[in-house]
Amino acid sequence: MALATPEKCKTQVLKFDSEEHVAVAVAKYTADLSEKYVKEKGSFSVVLSGGTLIETLRKLVESPYKDSVDWSKWLIFWVDERVVPLDDDDSNYKLAYDGFLSKVPISPSNIYAINDKFSPEGAADEYEARLKHLVKRKIIPLSDATGFPKFDLMLLGMGPDGHVASLFPTRQQRYEKKRWVTFITDSPKPPPPRITFTFPVINSASEIAMVITGAELANTVKIALGGEPFPGPSPLPCMEVLPEEELTWFLDKDAASKL
Ligand SMILES: O=C(O)[C@H](O)[C@@H](O)[C@H](O)[C@H](O)COP(=O)(O)O
């Protein structure tokens, strides 16, 4: 099946004076998309990453969105997860639960955490099987363009090495073309065992927001968006993010300082 083409994906780069302004803008963007997708299809599937993203989502659980968003229609997934118990401080589920999910009325049955009883390989297989089941029940559609599951919104962070999800520049998972979910046991960012969505799934999303703050990411942002040819053998993973409809970069002043 044909993969999404760059011509189809609209890219916006939004720069803000501070992290606080990014947080305000990401909350409005997410709430607006929630309204749009709930109206169009009766649900809103949101894929979270870990890291600083959850803190940047803090405005979404405040007024006016706390009361205006139709949380009952939200479905929550993780683009990557550390294979640790769900109550471990390293768990992306725990991070999201403590900072976001526990503050809004999303039904626990709509929150798709990994099964923390499995090995990384088993957890990836089980998460993929669960996604396939949701597709079969028509809860998550398949992309007509790619044949992979199509989530409404993915909210992604990025590492200084250009990784997104747990797809690292020096690891082969970034090249996976068939699996929906894969695993890694030697992640360069600790903890080492993780599962991650693959690029075909990430790029089948309708919308992706790259939420990037802090001066330590300025060089990588420049490489990704600066318009200069990339010198390495393969582009950085962050340069390969290309959803089906719209890609929006939210940058604070520090992250955008080298553009
Ligand atoms: O589990 C993880 O580690 C993440 O999902 C990872 O992909 C993260 O989004 C980036 O590493 C950025 O992390 P920061 O926002 O903390 O810099």
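Here are legends for a few close-up views of this structure. The model is predicted: local features need pLDDT of at least 70, side-chain atom pairs count only at pLDDT 80 or more, and totals for chains, interfaces and linings use all residues. Residues are numbered from 1 along each chain as its sequence is written.

**View 1. Who surrounds the ligand?** Look for 15 residues around the ligand, with Ser49, Gly50, Gly51, Thr52 and Gly157 the closest (near means a C-beta atom, placed from the backbone, within 6 Å). This shell splits into four nonpolar, eight polar and three charged residues; Asp, Glu, Lys and Arg count as charged, Ala, Val, Leu, Ile, Met, Phe, Trp, Tyr, Cys and Pro as nonpolar, and the others, Gly among them, as polar.

**View 2. A sheet of three strands.** The order in this open, antiparallel sheet is E4-E7-E6. Strands here are DSSP runs of E with at least two residues, numbered from the N terminus, and two strands pair if DSSP finds at least two bridges between them. E4 (80-82) and E6 (181-184) sit at the edges with a single partner strand each, so one side of each has no neighbour in the sheet. E4 and E7 (residues 194-197) share three bridges, and Glu81 has Ile195 in E7 as its bridge partner.

**View 3. Around Met210.** Which residues does Met210 contact, leaving aside its neighbours within four places in sequence? They are Leu156, Met158, Val241, Trp249 and Phe250, where contact means C-beta atoms, placed from the backbone, within 7 Å.

Definitions and conventions:
Helices (H or I, at least four residues) and strands (E, at least two) are DSSP runs, numbered from the N terminus. Two residues are in contact if their C-beta atoms, placed from the backbone, lie within 7 Å.
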